[in-house]
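Biologist: I am new to this structure. Could you take me through it step by step?

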Amino acid sequence: MANVIGTHQRTLVRRRVRIRGEHLVGYAFIAPLLAMFVAYHVYPIIRSFTMSFTDFKYLHPQGTHFIGLANYQEAVQSPYVQHGLLLGIEYMVIYVPLAMILALIIALALDRVSHHFLAGAYRTIYYLPVIMPGAVVYVLWKWMYIPSFGLVNYVLVDTLHLLTIRPQWLGSPDLALPSVAFMEVWRFLGYNVLLLLVGLGSINRELYEAARIDGASELQLTWHITLPLLKPIFLVMMVLKMSVFAVVEPMLIAPGVGESTWTWGWYAYDQAFLEGNLRMGYASAIGYLGALIMSVFVYFQYRFFRHDRA
Amino acid sequence: MSSRTLAMGQSNHGRLFRQGLRYAGPLARHALLLLFVAVILLPLIWVIASSFKSIPELYRVPTTLFPTEPTLTSYVFVLTQVPKLPLYYENSLVVTSVSVVLAGIISSLAGYAFARLDFPGRDQIFWGLVISLFLPTSITSLFAVYELTDRLQLLDTWLGLILPYTAAALIVSTFIMRSVFISIPGELQDAARIDGCNTLAVFYRIMLPLGAMGIVVITILNFVNIWGEYLLARTLTYENARTLPVEIALLQPQTGEWHFNTVTAAYMLMFGPAFLVLVALQRWFLRGLSEGALKF
C-alpha cells in the first residue's frame, strides 16, 4: 500500500490528505455510529446551548425571542438555583468520600480473602444492587425510609436499638439529602468495590512478599505498599464521581420534604418539564451554568491529581 | 515456629500478640464483609418477604421481617388488577432488545473500523467520541432530545426510546469493541485478504466470530443499563410506550388499594425474572465491566 519510492519526497513536503477508494469502507463502517452520534449527542448540545439564550417556553413556542444572557443572569440571582448549587456540592461532599472510603475498606478486606469461592460469593452479593434498575433501588429505599414500618427504622430502632427516636429520613429537612446520598452509596457499592479490586489485583504480589520477608506487619504493608499503588485508580475514580454534582434521578423518585433535595440538576429538570410553561430556555441556562461550575471542579481535581502523580 | 530465637531487643509478648492477631485479622475481615452483606441483602429480603405478607400482618406494630402466614394474595391482586402490566413488559422488552441489538451491530462495525481499517481522521474522530463522554451535558441535552423526539413525532413510541438508548450505548460499546478487535492478531485479517475476502467478508467471517466475547459482554452491559433506565423513559413516554421502571416509580403507597405487599409483589413480577437472568449471567457482566474499567 505504501508508496516506497516517494517516501523521501513525502517527508519533505506537507502531507496532503487524500481520500482514496479504500478509505470509503472505513467511513461506511462508522457511518451509522456517526449519524446517531450527531443526532443525539452533537445536535442536542448545540440546540440546548442556543436555547439557553432565548426565552423558549415549550408550551408557548411562538414568539420566542433571543434574550442574550438574561437567562443566565436570572439563574445566578435565583435563590432556588443558588440553593440548588449548594445542595449539589453538599451531595457531592457526602457521596464521594463515603462511597470511596467504604468501597476501599471492603475492597481491602475482600482482596485478602484467600478462599476463591467465598470471595466470588461476596463480590456477587455486593454487586446485586448494580444489576437492579435505578428506579427500583430508589423506590425501594423510599419505602425503607418510611419512619413507621420502613426497614431502616425497623433495624436501627426496633431490632438493634441503636437509636431511641424514629428519625424521619426523607421527611426531615436535615436528613433528607444525606439519606438520598446514602441510597446512591448503597447502590454503587459493589461497582466501586469491583473497580478497586481490579486496581488491587494489578499490584505485584512479590512486593508484598519482599516486604513480609523484611518483617513488615500487615498494617505496614497496607499503608506503605497498597495504598500508594492504589492512588492512581482511586483518584481517577474520584474525579469520575464528580459528575454526581449534577444528580437528578434519585430525588425525582425519592424526594425529600420541601426543598431539601432540590439540587440544581433537579431544578433544571423541574423548570423544563414539570413547572409552568416549561421554560426550557431558562432550564438550559441553569444546566450550562451547573456544567460550567462542574468543569471548574473537575479541572481543579485534575490539577491536584497531576501534581500528585509527580 | 514458637521456638524462634529472639534477636536483641525483641520480646516474646509482641510475637504472641501478633500470632493471635493473625487469627483476629481474618475474623475481623469476615465480620466486616458479612456486615455489608447484611446491609446489601436485608433490603432485598425485606422486599421479597413483604410481598408474601397479608395486609393485617403488614401494618402490625412492631413489624416483622418475615411473614408468619405467607400468602399469595398480593400477587393475585397485581396479576388481575393491573391490566397494563403485559403492556409495560412488552414495551420494556421490545425497546431494550432492539436497542441492544442495534447497538451491538453498529458498535461492532465501528469498533472494527477504528481498530483495523485505515482512513483519514480515524483517530481524531475516535478520541472525539471518547471525550464527548466526559462533557457534563446530560441534563441540557435531555431538553433538546425531548424537542427532537416531539418534532419527529416519536413521543410515546418505541422508536422514540430506541434511538436515544442506542445512541447513548454506542460510545462505550464502540470503545470496548475496538479494544476487542485490536487484540485480535492482524495476520488473520491479512491472510483472509490474500484469500480474496473484501472488507465486509473479513469482518463477517473472521472478526465477528473472534470478537463474539466482546459482543456478549456489551450486550449484557447495555441490556442492564437500558432495561432499568428511568429518566429518558419517564420524559419521553406517557402511556403507550411506558416502560417498567417508570411504572414502578409511580406505584405510590397512597393510591387506593396499593399497600406495600401489593407494591412489592408488583416489583417482584416486574423485575424478578430479569433479575434472576442477570444474576445467572453476572459473571460475564463483571468481566465486561472490569475490562471496560481497565481500558479507562
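Modeller: Let us begin with a definition: a helix axis is a line fitted to C-alpha atoms over the stretch in contact, and angles between N-to-C directions run from 0 to 180 degrees. Please note that this is a predicted model.

Biologist: At what angle do helix H4 and helix H12 of chain A pack?

Modeller: Helix H4 (residues 79-111) and helix H12 (residues 264-274) of chain A pack at about 140°, and their axes are 7 Å apart. Angles over 145 degrees would count as roughly antiparallel, and H4(A) and H12(A) are therefore oblique to each other.

Biologist: Which residues make that contact?

Modeller: H4(A) contributes A:Tyr80, A:Val81, A:Gly84, A:Leu85 and A:Gly88, while H12(A) contributes A:Trp264, A:Gly265 and A:Tyr267. Of the residues in this contact, 5 are nonpolar, 3 are polar and none is charged.

Biologist: Now the two chains. How many residues of chain A are in contact with chain B?

Modeller: On chain A, 71 residues are in contact with 65 residues of chain B. Helix H2 (residues 21-51) of chain A gives the most to chain A's side, with 19 residues. That side comprises 55 nonpolar, 11 polar and 5 charged residues.

Biologist: And chain B itself: how many helices and strands?

Modeller: Chain B has 14 helices and 0 strands. Of its 296 residues, 40% are buried. Among its contacts with a separation of 6 or more, 76% join residues 24 or more positions apart.

Biologist: Into which domains is chain B divided?

Modeller: Domain 1 covers 12-76 and domain 2 covers 82-250 of chain B. Taken over C-alpha atoms, the centres of these two domains are separated by 38 Å.

Definitions and conventions
Residues are numbered from 1 along each chain as its sequence is written. Chains are lettered from A and ligands numbered from 1 in the order in which they are written. This is a predicted model: local features need pLDDT of at least 70, side-chain atom pairs count only at pLDDT 80 or more; totals for chains, interfaces and linings use all residues. Domain bounds come from an automatic or database domain assignment. Two residues are in contact if their C-beta atoms, placed from the backbone, lie within 7 Å. Helices (H or I, at least four residues) and strands (E, at least two) are DSSP runs, numbered from the N terminus. Ala, Val, Leu, Ile, Met, Phe, Trp, Tyr, Cys and Pro count as nonpolar, Asp, Glu, Lys and Arg as charged, and the others, Gly among them, as polar. A residue is buried if 20 or more other C-beta atoms lie within 10 Å of its own, exposed if 12 or fewer, and partly exposed in between; C-beta atoms are placed from the backbone. Angles under 35 degrees count as roughly parallel, over 145 as roughly antiparallel, 65 to 115 as roughly perpendicular and the rest as oblique.
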